[in-house]
Amino acid sequence: MSSLSYNDLYRLFKKLDQNGDDLVSPNELQWLLDTMKISSSVDELQSLTGKMGLSFPEFLDFYTITIEGKDTEKDPESDLFKAFEVFDKNRDGLICDEELQEALSSLGLWDDKGDMDVKSMIKAYDANSDGFLDFQEFKKMMA
């Protein structure tokens with residue numbers, strides 16, 4: 001199975017979250033696993049996750065470990081993803097100029113009197129020219 005991008009996983013998460021509570025329940029996860037021909041019960045999923053529902057970051061960990069078989073604690077991209085989440089305040093999978101400026105300010109890296117321009121920073125790494133940074137573009141910026 002090929003790895004899905006961050007944006008693909010976010011869309012999958014939103015599709016699974018049928019009641020719109022920003023959590024994927026064991027019942028909602030069961031549908032995903034059934035379509036992938038992975039057998040498990042709702043009780044097993046609840047026991048495995050230890051929760052009644054997974055937030056998007058928890059879903060990413062679950063997907064990475066369970067579906068892709070990777071341990072995110074040992075995956076250097078996991079740390080980069082956690083950094084991405086610091087910038088992506090609204091959790092839409094994209095970093096806009098306001099989010100970038102807010103994150104840089106909170107990290108003490110933004111000076112209102114300086115000559116840095118967040119729009120130019122985004123534009124330099126915005127491969128698809130949508131005015132935002134997705135995770136892949138963020139990785140390039142951080143390299």
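**Close-up 1. Helices α1 and α2 of the predicted model are oblique to each other.** The axes of α1 and helix α2 (residues 26-35) come within 9 Å and cross at roughly 120°, an angle that belongs to none of the parallel, antiparallel or perpendicular classes and therefore counts as oblique. On the α1 side the contact is made by L12, K15 and L16, which meet E28, W31 and L32 in α2.

**Close-up 2. F13 and F59 form a tilted aromatic pair.** The structure holds eight aromatic pairs; in the one shown here, the ring centres of F13 and F59 lie 5.6 Å apart and the ring planes stand at 50°, so the pair is classed as tilted. The pair links distant parts of the chain, since F13 lies in helix α1 (residues 6-16) and F59 in helix α4 (residues 56-67), 46 residues apart. Both F13 and F59 are buried.

**Close-up 3. F87 and F138 form a tilted aromatic pair.** The centres of the two rings, F87 and F138, are 5.3 Å apart and their planes are at 55°, so this pair is tilted. Distant parts of the chain are linked by the pair, with F87 in helix α5 (residues 76-87) and F138 in helix α8 (residues 135-142), 51 residues apart. F87 has a relative accessibility of 7% and therefore counts as buried, and F138, at 0%, likewise counts as buried.

**Close-up 4. F87 and F138 belong to one aromatic cluster.** Together with F81, F84 and F135, the residues F87 and F138 form this cluster.

Conventions:
Residues are numbered from 1 along each chain as its sequence is written. This is a predicted model: local features need pLDDT of at least 70, side-chain atom pairs count only at pLDDT 80 or more; totals for chains, interfaces and linings use all residues. Side-chain values use heavy atoms; hydrogens and water are left out. Rings of Phe, Tyr and Trp (its six-membered ring) pair if their centres lie within 6.5 Å; planes under 30 degrees apart count as stacked, over 60 as edge-to-face and the rest as tilted. Helices (H or I, at least four residues) and strands (E, at least two) are DSSP runs, numbered from the N terminus. Buried means under 20% relative accessible area, exposed over 50%, partly exposed in between (1.4 Å probe, protein chains only). Axes are lines fitted to C-alpha atoms, for helices over the stretch in contact, and angles run from 0 to 180 degrees between N-to-C directions. Angles under 35 degrees count as roughly parallel, over 145 as roughly antiparallel, 65 to 115 as roughly perpendicular and the rest as oblique. Contact means heavy atoms within 4.5 Å.
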